[in-house]
Amino acid sequence: MNSPKSIPHPFPYQGSKRRLAADILARMPERVGVLYEPFAGSGALTIAAALDARADSFVLADLNGPLVSLWKSILEKPEDLCDEYERLWTSQEGREPDFYSEVRLRFNQHQRPADLLYILARCVKAAVRYNVRGEFNNSPDHRRRGMRPATMRANILAVSSLLAERAKAIEADYRDVLSQAGPADLVYMDPPYQGVSNTRDHRYIRGLDHAEFVGALEDLNARHVPYIISYDGRTGDKTYGEELPSHLGLTRYEVFAGQSSQATLLGKSA
Ligand SMILES: C[S@@+](CC[C@H](N)C(=O)[O-])C[C@H]1O[C@@H](n2cnc3c(N)ncnc32)[C@H](O)[C@@H]1O
């Protein structure tokens with residue numbers, strides 16, 4: 001099993017399951033047909049599963065279109081993406097805050113993958129946040145300059161060579177992806193946490209409707225499609241989000257997730 005350090009990550013992303021990937025993989029069958037990841041984000045579980053040869057092929061899907069374009073660049077033209085990132089990273093020298101604002105503005109106009117990569121590398125907690133107009137509005141982290149181009153290149157090239165021949169990235173709502181999966185496959189779902197996505201502070205493009213999600217799981221059960229869900233959590237006695245109903249017949253495993261980055265973001269420790 002790979003340690004978190006040896007799992008390359010294609011871009012920094014809040015909510016990445018990189019540190020938990022080994023625990024989640026331990027619940028997965030030895031080998032499946034297609035591993036579907038319909039809330040892909042940075043696809044940490046897909047990458048860990050590919051390193052461990054746990055599926056024939058992989059589908060990374062996300063509702064966030066620019067994020068999927070970034071994935072396509074990683075899979076199809078990683079060198080160009082790394083070159084562009086290096087140009088951006090080098091150009092920020094000496095005027096980082098203004099440069100970040102310019103790139104963010106351009107990203108909101110043109111949604112170019114390299115601009116998104118730069119923003120994710122530089123923004124606070126690598127958190128994807130949008131305002132009501134759908135514009136990316138997270139601020140830069142003034143303490144950091146973002147991942148060094150050489151490190152970024154090593155990560156992206158490693159992920160690309162691991163997945164390029166075996167994975168496809170698609171922009172879709174999770175329900176459209178679930179309909180493609182069959183009994184020999186596995187779906188890994190890491191939806192936006194109810195604890196944050198149902199508040200005014202929308203971290204993702206759209207929150208997740210609980211009843212709709214339960215309906216989608218009932219459909220998977222009826223079609224005998226195996227799945228694993230990372231679902232909300234607790235810090236001490238405080239739990240987040242509505243539980244999944246018992247009629248789904250799921251088994252709950254608790255995994256220690258470490259320090260809450262959401263709490264850290266709010267200046268607390270949990
Ligand atoms: C908690 S993050 C997943 C993080 C991922 N496991 C990783 O390792 O980086 C949830 C993802 O779900 C996506 N998302 C939100 N609503 C969605 C929907 N209705 N259908 C598909 N993806 C959605 C968000 O854009 C976000 O990337």
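A residue is buried if 20 or more other C-beta atoms lie within 10 Å of its own, exposed if 12 or fewer, and partly exposed in between, with C-beta atoms placed from the backbone. The model shown is predicted: local features need pLDDT of at least 70, side-chain atom pairs count only at pLDDT 80 or more, and totals for chains, interfaces and linings use all residues. Residues are numbered from 1 along each chain as its sequence is written.

View 1. His224 is exposed because it has 9 C-beta neighbours inside 10 Å. His224 sits in the loop between helix 10 (210-222) and strand 5 (227-229); helices (H or I, at least four residues) and strands (E, at least two) are DSSP runs, numbered from the N terminus. Its phi is positive, about 55°, although His224 is not a glycine. Most residues other than glycine have a negative phi.

**View 2. The whole chain.** The chain has 11 helices and 7 strands. Its radius of gyration is 18 Å, close to the 18 Å that the globule rule gives for 270 residues, so the chain is as compact as a globular protein of that length. The radius is taken over C-alpha atoms, and the rule is 2.2 Å times the number of residues to the power 0.38. Along its principal axes the C-alpha trace spans about 55 × 40 × 35 Å. Of the 270 residues in the chain, 35% are buried.

View 3. The largest nonpolar core has 61 residues, and Tyr85, Leu117, Tyr118 and Leu120 have the most contacts inside it. A nonpolar core is a set of buried Ala, Val, Leu, Ile, Met, Phe, Trp, Tyr and Cys residues joined through C-beta atoms within 7 Å.

View 4. Leaving out residues up to four places away in sequence, Leu120 touches Phe11, Pro12, Tyr13 and Ala126; two residues are in contact if their C-beta atoms, placed from the backbone, lie within 7 Å. Ala126 lies in the loop between helix 6 and helix 7 (149-163). Ala126 is buried because it has 22 C-beta neighbours inside 10 Å, and its phi is positive, near 45°.

**View 5. Arg54 and its contacts.** Arg54 is in the loop between helix 2 (44-51) and strand 2 (55-62). With 19 other C-beta atoms within 10 Å, Arg54 is partly exposed. Apart from neighbours within four places in sequence, Arg54 is in contact with residues including Leu25, Met28 and Ala49. Arg54 and Leu25 are 29 residues apart in sequence and 8.8 Å apart in space, C-alpha to C-alpha.

View 6. Of the 22 residues around the ligand, Gly15, Phe39, Gly41, Ser42 and Ala44 come nearest. A residue counts as near if its C-beta atom, placed from the backbone, lies within 6 Å.
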